[in-house]
Amino acid sequence: FEEPVKAIGDLRIDIPLYNVYLNEADEWSRRLLTELSEWALELHEPLPESTLALTHSLAGSSATVGFTALSEIARVLEHALDHVRLQVTGTPEHARLFVESAEDIRRLLHQFAAGFLKEPNPELLEALKAILELESQSAFTLIEDEWGDDGIFVEEISIEPEPEPEPEPEPEPEIETELAIAKETSLLEEGAEETPPLASLE
(Lines give C-alpha, C1' and ligand atoms only; values in the text may rest on other atoms or scores of the structure.)
Protein backbone atom coordinates (compact mmCIF):
# COMPACT_ATOMS: atom_id res chain seq x y z
CA PHE A 1 0.00 0.00 0.00
CA GLU A 2 1.51 3.28 -1.09
CA GLU A 3 0.71 6.45 0.79
CA PRO A 4 -0.70 9.19 -1.41
CA VAL A 5 1.82 11.85 -2.40
CA LYS A 6 1.51 15.38 -3.65
CA ALA A 7 3.39 16.03 -6.88
CA ILE A 8 4.61 19.60 -7.35
CA GLY A 9 7.11 19.90 -10.16
CA ASP A 10 9.84 17.41 -9.40
CA LEU A 11 8.85 17.17 -5.74
CA ARG A 12 6.95 14.23 -4.29
CA ILE A 13 5.66 15.00 -0.82
CA ASP A 14 3.56 12.77 1.43
CA ILE A 15 0.08 14.21 1.72
CA PRO A 16 0.10 14.40 5.56
CA LEU A 17 3.45 16.24 5.52
CA TYR A 18 2.25 18.48 2.71
CA ASN A 19 -0.88 19.45 4.62
CA VAL A 20 0.99 20.17 7.85
CA TYR A 21 3.60 22.24 6.02
CA LEU A 22 1.05 24.23 4.05
CA ASN A 23 -1.04 25.07 7.11
CA GLU A 24 1.92 26.06 9.28
CA ALA A 25 3.76 27.98 6.54
CA ASP A 26 0.62 29.90 5.65
CA GLU A 27 0.17 30.99 9.28
CA TRP A 28 3.85 31.85 9.75
CA SER A 29 4.05 33.88 6.54
CA ARG A 30 0.84 35.74 7.39
CA ARG A 31 2.15 36.69 10.83
CA LEU A 32 5.51 37.68 9.36
CA LEU A 33 3.92 40.06 6.86
CA THR A 34 1.69 41.57 9.55
CA GLU A 35 4.53 42.17 12.02
CA LEU A 36 6.84 43.67 9.41
CA SER A 37 4.07 45.93 8.11
CA GLU A 38 3.40 47.17 11.65
CA TRP A 39 7.11 47.73 12.31
CA ALA A 40 7.38 49.76 9.08
CA LEU A 41 5.08 52.32 10.71
CA GLU A 42 7.24 52.51 13.87
CA LEU A 43 10.84 52.42 12.70
CA HIS A 44 12.05 53.93 15.98
CA GLU A 45 11.12 50.63 17.61
CA PRO A 46 13.44 47.61 17.34
CA LEU A 47 12.47 44.81 15.02
CA PRO A 48 10.34 42.23 16.85
CA GLU A 49 12.39 39.18 17.76
CA SER A 50 9.47 37.03 16.63
CA THR A 51 10.19 37.97 13.00
CA LEU A 52 13.48 36.08 13.27
CA ALA A 53 11.70 33.02 14.66
CA LEU A 54 9.09 33.11 11.90
CA THR A 55 11.62 33.36 9.07
CA HIS A 56 13.74 30.66 10.71
CA SER A 57 10.74 28.32 10.88
CA LEU A 58 9.76 29.05 7.28
CA ALA A 59 13.29 28.36 6.06
CA GLY A 60 13.59 25.09 8.00
CA SER A 61 10.20 23.63 7.17
CA SER A 62 10.49 24.58 3.49
CA ALA A 63 13.86 22.83 3.30
CA THR A 64 12.27 19.74 4.88
CA VAL A 65 9.71 19.38 2.09
CA GLY A 66 12.26 20.28 -0.58
CA PHE A 67 10.92 23.76 -1.33
CA THR A 68 14.41 25.24 -1.67
CA ALA A 69 13.30 28.47 -3.35
CA LEU A 70 11.19 29.60 -0.40
CA SER A 71 13.76 28.26 2.05
CA GLU A 72 16.46 30.39 0.43
CA ILE A 73 14.67 33.72 0.59
CA ALA A 74 13.42 33.03 4.11
CA ARG A 75 16.96 32.26 5.27
CA VAL A 76 18.46 35.37 3.67
CA LEU A 77 15.64 37.49 5.07
CA GLU A 78 16.30 36.05 8.52
CA HIS A 79 19.97 37.08 8.41
CA ALA A 80 19.12 40.55 7.07
CA LEU A 81 16.53 41.05 9.82
CA ASP A 82 19.06 40.00 12.43
CA HIS A 83 21.60 42.48 11.07
CA VAL A 84 19.19 45.43 11.03
CA ARG A 85 17.79 44.48 14.44
CA LEU A 86 21.23 45.12 15.97
CA GLN A 87 21.25 48.67 14.63
CA VAL A 88 19.82 51.63 16.49
CA THR A 89 16.90 52.15 14.11
CA GLY A 90 15.74 50.80 10.79
CA THR A 91 15.27 52.87 7.65
CA PRO A 92 12.29 53.22 5.31
CA GLU A 93 14.35 51.34 2.70
CA HIS A 94 14.79 48.43 5.10
CA ALA A 95 11.09 48.39 5.90
CA ARG A 96 10.05 48.42 2.25
CA LEU A 97 12.50 45.64 1.38
CA PHE A 98 11.43 43.42 4.26
CA VAL A 99 7.71 43.87 3.61
CA GLU A 100 8.16 43.11 -0.10
CA SER A 101 10.20 40.02 0.78
CA ALA A 102 7.44 38.80 3.11
CA GLU A 103 4.92 39.38 0.35
CA ASP A 104 7.10 37.40 -2.05
CA ILE A 105 7.19 34.51 0.43
CA ARG A 106 3.38 34.59 0.50
CA ARG A 107 3.33 34.56 -3.32
CA LEU A 108 5.67 31.55 -3.49
CA LEU A 109 3.55 29.70 -0.95
CA HIS A 110 0.28 30.35 -2.82
CA GLN A 111 1.86 29.13 -6.05
CA PHE A 112 3.13 26.06 -4.20
CA ALA A 113 -0.39 25.33 -2.93
CA ALA A 114 -1.64 25.62 -6.52
CA GLY A 115 0.93 23.05 -7.64
CA PHE A 116 3.65 25.34 -9.04
CA LEU A 117 7.29 25.73 -8.00
CA LYS A 118 8.32 29.33 -8.48
CA GLU A 119 11.55 31.18 -7.80
CA PRO A 120 11.86 34.20 -5.49
CA ASN A 121 12.19 37.68 -6.92
CA PRO A 122 15.91 37.94 -7.79
CA GLU A 123 15.99 41.69 -7.13
CA LEU A 124 14.75 41.15 -3.59
CA LEU A 125 17.32 38.43 -3.00
CA GLU A 126 20.13 40.67 -4.21
CA ALA A 127 18.95 43.55 -2.06
CA LEU A 128 18.81 41.34 1.03
CA LYS A 129 22.29 39.96 0.33
CA ALA A 130 23.58 43.50 -0.15
CA ILE A 131 22.66 44.26 3.47
CA LEU A 132 24.79 41.33 4.62
CA GLU A 133 27.68 42.29 2.33
CA LEU A 134 27.56 45.82 3.72
CA GLU A 135 27.85 44.34 7.21
CA SER A 136 30.92 42.35 6.18
CA GLN A 137 32.53 45.40 4.59
CA SER A 138 31.88 47.46 7.73
CA ALA A 139 33.50 44.78 9.87
CA PHE A 140 36.49 44.61 7.49
CA THR A 141 36.88 48.40 7.60
CA LEU A 142 36.87 48.26 11.38
CA ILE A 143 39.65 45.67 11.31
CA GLU A 144 41.66 47.82 8.88
CA ASP A 145 41.32 50.78 11.24
CA GLU A 146 42.66 48.74 14.13
CA TRP A 147 45.45 47.15 12.10
CA GLY A 148 47.89 49.20 10.06
CA ASP A 149 48.39 48.86 6.33
CA ASP A 150 51.31 46.50 6.96
CA GLY A 151 49.18 44.23 9.13
CA ILE A 152 50.61 45.49 12.40
CA PHE A 153 48.15 46.16 15.15
CA VAL A 154 47.86 49.87 15.84
CA GLU A 155 47.02 50.82 19.36
CA GLU A 156 46.71 54.37 20.52
CA ILE A 157 49.16 54.96 23.34
CA SER A 158 49.22 58.22 25.24
CA ILE A 159 52.82 59.16 26.05
CA GLU A 160 53.15 61.39 29.04
CA PRO A 161 56.20 63.69 29.23
CA GLU A 162 58.80 62.68 31.75
CA PRO A 163 58.62 64.82 34.88
CA GLU A 164 61.41 67.31 35.30
CA PRO A 165 63.88 66.31 38.03
CA GLU A 166 63.36 68.13 41.26
CA PRO A 167 66.27 70.42 42.22
CA GLU A 168 68.49 69.04 44.91
CA PRO A 169 67.95 70.83 48.21
CA GLU A 170 70.73 73.21 49.22
CA PRO A 171 72.79 71.94 52.13
CA GLU A 172 71.66 73.37 55.39
CA PRO A 173 74.23 75.53 57.13
CA GLU A 174 76.22 73.71 59.76
CA ILE A 175 74.96 74.40 63.21
CA GLU A 176 77.64 74.74 65.85
CA THR A 177 76.81 72.62 68.80
CA GLU A 178 77.27 73.75 72.37
CA LEU A 179 80.18 71.32 72.63
CA ALA A 180 82.01 72.95 69.72
CA ILE A 181 81.44 76.42 71.12
CA ALA A 182 82.66 75.37 74.52
CA LYS A 183 85.77 73.79 73.04
CA GLU A 184 86.61 76.89 71.02
CA THR A 185 86.12 79.11 74.06
CA SER A 186 88.44 76.90 76.09
CA LEU A 187 91.22 77.09 73.50
CA LEU A 188 91.02 80.87 73.35
CA GLU A 189 91.39 81.11 77.13
CA GLU A 190 94.40 78.81 77.16
CA GLY A 191 96.07 80.84 74.44
CA ALA A 192 95.58 84.03 76.41
CA GLU A 193 97.29 82.56 79.49
CA GLU A 194 100.34 81.30 77.56
CA THR A 195 101.00 84.60 75.76
CA PRO A 196 103.84 86.44 77.62
CA PRO A 197 103.33 90.10 78.40
CA LEU A 198 104.94 92.48 75.93
CA ALA A 199 108.17 94.06 77.15
CA SER A 200 107.99 97.62 78.08
CA LEU A 201 109.76 100.03 75.74
CA GLU A 202 111.08 101.83 78.67
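**Reading helix packing and burial**

Me: In which hand of crossing, left-handed or right-handed, does α3 pass α4?

Reply: α3 passes α4 in a left-handed crossing, a term used when the near helix is turned anticlockwise from the far one by less than a right angle, clockwise being right-handed. Helices (H or I, at least four residues) and strands (E, at least two) are DSSP runs, numbered from the N terminus. This is a predicted model, in which local features need pLDDT of at least 70 and side-chain atom pairs count only at pLDDT 80 or more, while totals for chains, interfaces and linings use all residues. Residues are numbered from 1 along each chain as its sequence is written, and side-chain values use heavy atoms, with hydrogens and water left out.

Me: At what angle do α3 and α4 pack, and how far apart are their axes?

Reply: Two packed helices are described by the angle between their axes and the distance between the axes. Here the angle is about 160 degrees and the axes are 10 Å apart, with axes being lines fitted to C-alpha atoms over the stretch in contact and angles running from 0 to 180 degrees between N-to-C directions. α3 and α4 are therefore roughly antiparallel to each other, the word for angles over 145 degrees.

Me: Which residues of α3 and α4 meet?

Reply: Taking contact as heavy atoms within 4.5 Å, α3 contributes residues including L70, I73 and L77, which meet residues of α4 including F98, I105 and L108.

Me: Which residues touch the most other members of the largest nonpolar core?

Reply: Nonpolar side chains tend to be buried together in soluble globular proteins. A nonpolar core is a set of buried Ala, Val, Leu, Ile, Met, Phe, Trp, Tyr and Cys residues joined through side-chain atoms within 4.5 Å, and of the 41 residues in the largest one, L70, F98 and F112 touch the most other members. At least two residues of this core come from each of β2, α1, α2, α3, α4 and α5 (122-146). Leaving aside neighbours within four places in sequence, L70 is in contact with Y21, L58, S62, I105, L108 and L109.

Me: Is R106 buried or exposed?

Reply: Buried means under 20% relative accessible area, exposed over 50%, and partly exposed in between (1.4 Å probe, protein chains only). R106, which lies in helix α4, has a relative accessible area of 17% and is therefore buried. Not counting residues up to four places away in sequence, R106 touches D26, S29, R30 and L33.

Me: What covers the buried residues of α1?

Reply: The cover includes β1 (5-8), β2 (11-14), α2 (49-65), α3 (68-85) and α4 (92-113), and the buried residues of α1 include Y21, W28 and W39.

Conventions
Angles under 35 degrees count as roughly parallel, over 145 as roughly antiparallel, 65 to 115 as roughly perpendicular and the rest as oblique.
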